[in-house]
Amino acid sequence: MDGRGWHDGASRFCGFRPAWAAAVLAVVLACSAVAACSAGRPTSPGPGLRGQKLEVAAVWSGVEQQNFELVLRAFTRQTGVPVTYTAVGYSVPAFLDARLARGRPPDVAFLPQPGLLRGYAAEHRLVPLNGIAGGIVASNYSPAWRQLGSVGGTLYGVWFKAANKSLIWYNEGVFERAGAAPPASIDGLVSLARRLARSGTSAFSVGGQDGWTLADWFSNLYLRLAGPVRYDLLAAHKIPWTDPSVIATLRLLARVLDPHVIAGGPRGALVTSYEVSVQQAFATPPAAAMVFEGDFVAGIISAVTPAVLGVDADVFPFPAVGPPGPMVVAGGDAAVLMRRSAAGAALISYLASPQAAAIWAARGGFVSPDTNLGLSVYPDPISRSIAAGLLQAGDNFRFSLSDLTPAGFGGTEGQGMRKILQQFLVSRDVSGTAAQLEQAAGKAYPG
């Protein structure tokens, strides 16, 4: 099976019918408690599932992989279908393209960028989901998230995991010793960073080895400086990356991430992974006072540092540039079906349910866009606040620019936007970086 020709409707394959999917999902949803989902013997395979097995591919590793595998185990216990998880790191397009070239895509993949989803849908690499999980998604997701998972009115992706990427996590002890408070503005953040650096503590631990973190820095600053309308124009490449708004944002990024306020300096940041950057900020002793990234930082803090959320570690919204207002840069991972099977369809339906999301949400470091997942499932006030903020953002959220652009420009480590911003962290060459971004974007966008 080469993955092509799937635009003719998934309900025709393998004897699968939507009514059967509902029956399988009913079995899965009978596991309504997190504890019940993670215990007990596997059931016998349901009708049409006997002998089937699945491979699921996603970016998650470490703690995130462990938490997601609990979700998969719950599915296996309820359906009897074994699931193998493949962690592909941050090179999802390269992994999937290689597997597609061999005619062996994973059954289900998680795509971390809407741009990647649109690209694979245009190539007919994805199974349409309207007849599989359309009703479930319509019941559990807001129109904005349904639209992000659709192309031309056809549903292709279920946004299982979301992320609020407009957060700065800070070490309570460092702030208390410095007499510091979370700033509300970028100017306040810059002043605080310089003050901390003068006192001998680096302000930021930066995971620059993972270029997506720098793309998220740029996206947050650009959204606040240029506004949502211009943000959408840049994402669609309807204005160039040499536009004055991009130049101004690069200048601001260079000001915020001054070499003197970064733990290990810019070159040290480029050999620091996202996970290590979190560890540095909450180690004993800490290497920095703050680390920027999404709500998923909470899971790393809890799993691999001695810090206690709400006691040693806290979080504040990404500061405003100019007038304050609710703006959130979001991220997420959409489950897509790449190989037709009844078991794969059942897994997609399961992942669209609040019961599946509850398993990971209860362990922290996870936010679901599922509107029917109660906030009480989240394990602490910080997580509940972050989840509520994302759900209440309405139209005031945008995916990270790197997620909205073609994968060759924004969605692949070691090239395009991510590589260019890594170089910028060291060079601080504003005009040269803008020119490189425009050149790379010109090659990546169609037409």
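**Before you start.** The model is predicted, so local features need pLDDT of at least 70 and side-chain atom pairs count only at pLDDT 80 or more, while totals for chains, interfaces and linings use all residues. Residues are numbered from 1 along each chain as its sequence is written, and side-chain values use heavy atoms, with hydrogens and water left out.

**The whole protein.** Show the cartoon: the protein has 22 helices and 12 strands. Both are DSSP runs numbered from the N terminus, with at least four residues for helices (H or I) and at least two for strands (E). Of the 447 residues, 58% count as buried, where buried means under 20% relative accessible area, exposed over 50% and partly exposed in between (1.4 Å probe, protein chains only). Among contacts (heavy atoms within 4.5 Å) between residues at least 6 apart in sequence, 78% join residues at least 24 apart.

Stop 1: Select residues 167-171, 202-204, 288-292 and 313-317. You have an open sheet of four strands in the order 8-9-7-10, with mixed pairing. Its edge strands are strand 8 and strand 10, each pairing on one side only. The twist averages 20° from one strand to the next, using axes that are lines fitted to C-alpha atoms, for helices over the stretch in contact, with angles from 0 to 180 degrees between N-to-C directions. Strands pair if DSSP finds at least two bridges between them.

Now keep strand 7. Five of its five residues are buried, so strand 7 is largely enclosed by the rest of the structure. L167, W169 and N171 point one way, and I168 and Y170 the other. Strand 7 runs antiparallel to strand 10, with five bridges, and antiparallel to strand 9, with three.

**Stop 2: E172.** Step on to E172, in helix 8 (residues 172-178). Is E172 buried or exposed? At 15% relative accessibility, E172 counts as buried. Leaving aside residues up to four places away in sequence, E172 touches V311, D312, A313 and D314.

**Stop 3: the largest cavity.** A search of the whole structure finds four cavities of 30 Å³ or more. On a 1 Å grid over the protein atoms alone, a cavity is a set of points where a 1.4 Å probe fits but cannot get out, and lining residues have an atom within 4 Å of a point. The largest cavity has a volume of about 50 Å³, the volume being the space filled by probe spheres set on the points, which are joined across faces, edges and corners. Select its lining: S205, V206, G207, T213, W217, Y274, S277, V291, F292 and E293.

Stop 4: Select helix 17 (residues 354-361): seven of its eight residues are buried, so helix 17 is largely enclosed by the rest of the structure. Among them are P354, I359 and W360. Finish at T433 in helix 22 (residues 430-444), buried at 3% relative accessibility. Not counting residues up to four places away in sequence, T433 touches L250, I420, F424 and S427.

Key:
On a 1 Å grid over the protein atoms alone, a cavity is a set of points where a 1.4 Å probe fits but cannot get out, and a pocket is an open set with protein on both sides within 12 Å along at least five of seven lines; lining residues have an atom within 4 Å of a point.
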